[in-house]
Amino acid sequence: MPNVISVDTKICIITGSDKLIAILGIEDVIIVDTEEALLICSKDKAQNVKEVLQEIKKEEDGVFIKIQNI
């Protein structure tokens with residue numbers, strides 16, 4: 001379980017590592033923090049995560065980001 005400080009936050013899914021995640025005044029979002037990337041999306045857009053992953057996996061400026069299964 002990640003270290004989370006949550007103030008005035010409702011109905012959120014938060015996952016991450018040992019890094020502190022502080023959230024304030026947000027509602028209905030998903031936050032996934034990995035070593036390679038940070039994903040923040042509204043719950044109603046969660047079905048589109050594959051599109052974002054495809055964009056992240058593209059090679060840009062000679063840098064390739066390896067995405068683990070979330």
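Reader: Where is threonine 9 found?
Author: Threonine 9 is found in the loop between strand E1 (3-7) and E2. Strands (E, at least two residues) and helices (H or I, at least four) are DSSP runs, numbered from the N terminus. The model is predicted: local features need pLDDT of at least 70, side-chain atom pairs count only at pLDDT 80 or more, and totals for chains, interfaces and linings use all residues. Residues are numbered from 1 along each chain as its sequence is written, and side-chain values use heavy atoms, with hydrogens and water left out.

Reader: Which residues is threonine 9 in contact with, leaving aside its neighbours within four places in sequence?
Author: Contact means heavy atoms within 4.5 Å. Threonine 9 is in contact with Ile23, Leu24, Gly25 and Ile26. Its side chain also reaches the backbone oxygen of valine 7 at 3.0 Å.

Reader: How do I read the sheet?
Author: Strands of a sheet pair through backbone hydrogen bonds, either parallel or antiparallel. Two strands count as paired if DSSP finds at least two bridges between them. Here 3 strands form an open sheet, ordered E2-E4-E5, with mixed pairing.

Reader: Why is one side of E2 and of E5 left without a neighbour in the sheet?
Author: Strand E2 (13-15) and strand E5 (38-42) stand at the edges, each with a single partner strand, so one side of each has no neighbour in the sheet.

Reader: How many bridges join E4 to E5?
Author: 5 bridges join strand E4 (residues 29-33) to E5, and the two run antiparallel. Valine 32 stands opposite leucine 39 in E5.

Reader: What is the order of elements in the chain?
Author: From the N terminus, β-β-β-β-β-α. That comes to 1 helix and 5 strands.

Methods: Polar contact = N/O pair within 3.5 Å; in protein donor to acceptor, adjacent residues only side chain to side chain.
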